[in-house]
Amino acid sequence: MSLLEINNLSIQFGGLTALTGFRFALDPGQLVALIGPNGAGKTTAFNLVTGVYAPTTGTIALDGKSIAARPPHRINQLGIGRTFQNIRLFGQLSVLDNVLAGFHQEITHGFWGTLLRSSHHWREEREHHRQAMELLKTFALDSRAHWQARNLPYGDQRRLEIARALATSPRILLLDEPAAGMNPTEKAELMQLIRFIRDHFHVGIWLIEHDMKLVMAISERITVLDHGEIIATGSPAEVQANPKVIEAYLGSTLHGA
Amino acid sequence: MKRSDQLLPGPAHGSPWASFWPLLLLLLLWPIGSFLQNAALFDPYFARIICLVGLNITLAVSLQLINGISGQFSLGHAGFMAVGAYMAAYPAHAMLATDAKDAHLRLLTNPLAPLLFYLDIAVVGLCVVGICWLLFGVFRLLRRLGNWAMAVGLLVVAIWLLTDMAMGSGQDGAPPPYLVWSSLNYWLHALFDALLARGLPMTHQVAAMLPGAVADVLKGPVAYFLTCLVLLIGGGLCAAGAGLLIGIPVLRLRGDYLAIATLGFAEIIAVLINNSQPLGGALGLSDIPRFAGFGWIYGVAILTTIAVWRLTHSARGRAMLAVREDEVAASAIGIDPAHSRIMAFVVGAFFAGVAGALFAHFEGYITPRHFQFMRSIELVVMVTLAGAGSLSGTILAAIVLTVMPELLRSFSEWRMVIYSLLLIIMMLLRPEGLLGGRELIPRRWRGDADVSA
């Protein structure tokens, strides 16, 4: 049994079936990609797993326990982190505060501890600060820890979002188009970073991406979605050769990218 | 990048005692001000202004927590103030009424009496909440059948309630048991009166049983201080309870919708008070012992500022700011937005209630007209002028906006015109607030971590 198991998942918005018969499994240490044309239902799948939507049918299980239709903050506390297609940082807060917010769920000192500034409060604050700075150092953002997040360059904002998600100690990380808007150099660095994250933090990474070179290079397994249905799964080589996939999606890109 | 540095409400990492200098200034001036006021060295008009400023500081800072830091839009802050004021003034007033009417302040020597009152409130309040919870459960069951079922259910309950109350009103003694709502109303009142009526004599009995030495200590300035404290905290807790009651149902509202809901709540409070005979109705409560002077008012203002500061510059404060910035992202990293919002609401309401209680014991009489919508608006203007999230800005704005109308008094009929013009100009020139969301002290003194940044 895998850490994350999805079976027969589907969701309907009124008359529109956005996703149907979706199956998926992921374990820590794996790197799997989800690809498909725009509007295929990829982000919808992510939203279902992270509790933003409630499924119409099907099951989503983490550690064997159902997490379908649970509140998003609860799902994160259970071990699933994510980043967003359009970067959702806390713009007005500092880089450090963004990552510190990720440690919020590990707080054990209470409300009165906060008000009365107990030693418990200070201990945890210092510890979280230390962990946050370490994380920022890993992502080469520590020198700008006190910058406002919205003043970071785009590529660094993406990395900060990933760092923030990692601060929540997830076992599964969902990355939604992390390479969007990056130039080839940045994409190469991102590839390294994603591999590093998988190995160093021992998480299972589920990736939505449009850049085929990146996807083919780093994924162990690829699931292809089109119009809400899975049309192919397998290794990068298998998927590349699959005629249905080529027809639906890869056809022109294979020669272009 | 320097400018952006200072906009960050980062957590205080260094010295636990780091506070900011307007606060330090207040801490230094507080004993001096108390002494001077007691020595009656100030012109009473001037002293009054200073006290009003202190009240407004507490109110504005508590509203800053709700509006600025947790990013909600509350237009009903005066409602919380009213709850605190009446819930503190009523027992004080009642204690005066039962004891003789001389030397008001000497009568505030029984801390147990208001304590019992607040226990009564808690008991009755829990009963009412329990009934609401049951009703709510029924409605949720109905909703399974469909929204129409719930609407019909609501209509049925409303009609039932109204006819029941109409039939049961104007009767002496207990209404017949088939009139469920009237009976409920009657028995809850009876419970409240019984507890209260037994309260005072009981505390006198208890006091009589205490050994001599303890009784002496409890009589003097200690008892006086404790009684005042119980009244203030009791008023604050009642307002906090109201904050919880209003905060939970409006959780899913955002922006303007939340504003209207809070506005409605404040109006409900005003109407309830207006129609409540024991609370004085439209004529209000008078003969409230006036114990709240410079010392109490500024003591509370300082404590409020410290509390809100500490809450903001902590992990919980970061969570509130995160929810303010982006709720979806905040919940994606494990922060429960509902929890943060409620916490801000309840804490803000508590301090508003304490400020209201202080106000009641400063003026000596209160009417619903003291807590109308305009009061809420004045407070929202202070918070807006301050800039979202800036506590020293809030203090400055409270001072400026309380003093300015007074300074303009010499302009008689042009006063409000000039005041309003000044507000417009300030908003045009500096929409981000007086301090633009920043604080007045350098990062180093705030005790933040990385000074080298």
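What follows describes a sheet, a helix pair and a cavity.

This is a predicted model, in which local features need pLDDT of at least 70 and side-chain atom pairs count only at pLDDT 80 or more, while totals for chains, interfaces and linings use all residues. Residues are numbered from 1 along each chain as its sequence is written, chains are lettered from A and ligands numbered from 1 in the order in which they are written, and side-chain values use heavy atoms, with hydrogens and water left out.

Chain A contains an open sheet of 4 strands in the order 2-1-4-5, with antiparallel pairing. Strands (E, at least two residues) and helices (H or I, at least four) are DSSP runs numbered from the N terminus, and two strands pair if DSSP finds at least two bridges between them. The edges are held by strand 2 (16–26) and strand 5 (65–66) of chain A; each has a single partner strand, so one side of each lacks a neighbour in the sheet. Helix 1 (residues 42–49) of chain A packs on the sheet and touches strand 1 (4–13), strand 2 and strand 4 of chain A, where contact means heavy atoms within 4.5 Å. The direction of helix 1 makes about 115° with that of strand 1 of chain A; axes are lines fitted to C-alpha atoms, for helices over the stretch in contact, and angles run from 0 to 180 degrees between N-to-C directions.

Within the sheet, strand 1 and strand 2 of chain A run antiparallel and are joined by 7 bridges, with A:Leu9 opposite A:Phe22 in strand 2. Their hairpin has 2 residues between the strands, and A:Gly14 takes a positive phi near 65° there. Strand 4 (residues 57–62) of chain A is joined to strand 5 of chain A by 2 bridges, also antiparallel, and A:Leu62 stands opposite A:Lys65 in strand 5.

Elsewhere in chain A, helix 6 (residues 154–167) and helix 7 (residues 184–200) pack at an angle of about 10°, with their axes 12 Å apart. That makes helix 6 of chain A roughly parallel to helix 7 of chain A, a term for angles under 35 degrees. A:Gly155, A:Arg159, A:Ile162 and A:Leu166 in helix 6 meet A:Glu186, A:Leu190, A:Leu193 and A:Ile197 in helix 7.

The last topic is a cavity. On a 1 Å grid over the protein atoms alone, a cavity is a set of points where a 1.4 Å probe fits but cannot get out, and lining residues have an atom within 4 Å of a point. Residues lining the second largest cavity include A:Asn76, A:Arg82 and B:Ser331. Helix 13 of chain B gives the largest share of this lining, 3 residues.

Key. Parallel < 35°, antiparallel > 145°, perpendicular 65-115°, else oblique. 1 Å grid on protein atoms, 1.4 Å probe; cavity = no way out; pocket = protein on both sides within 12 Å on 5 of 7 lines; lining within 4 Å.
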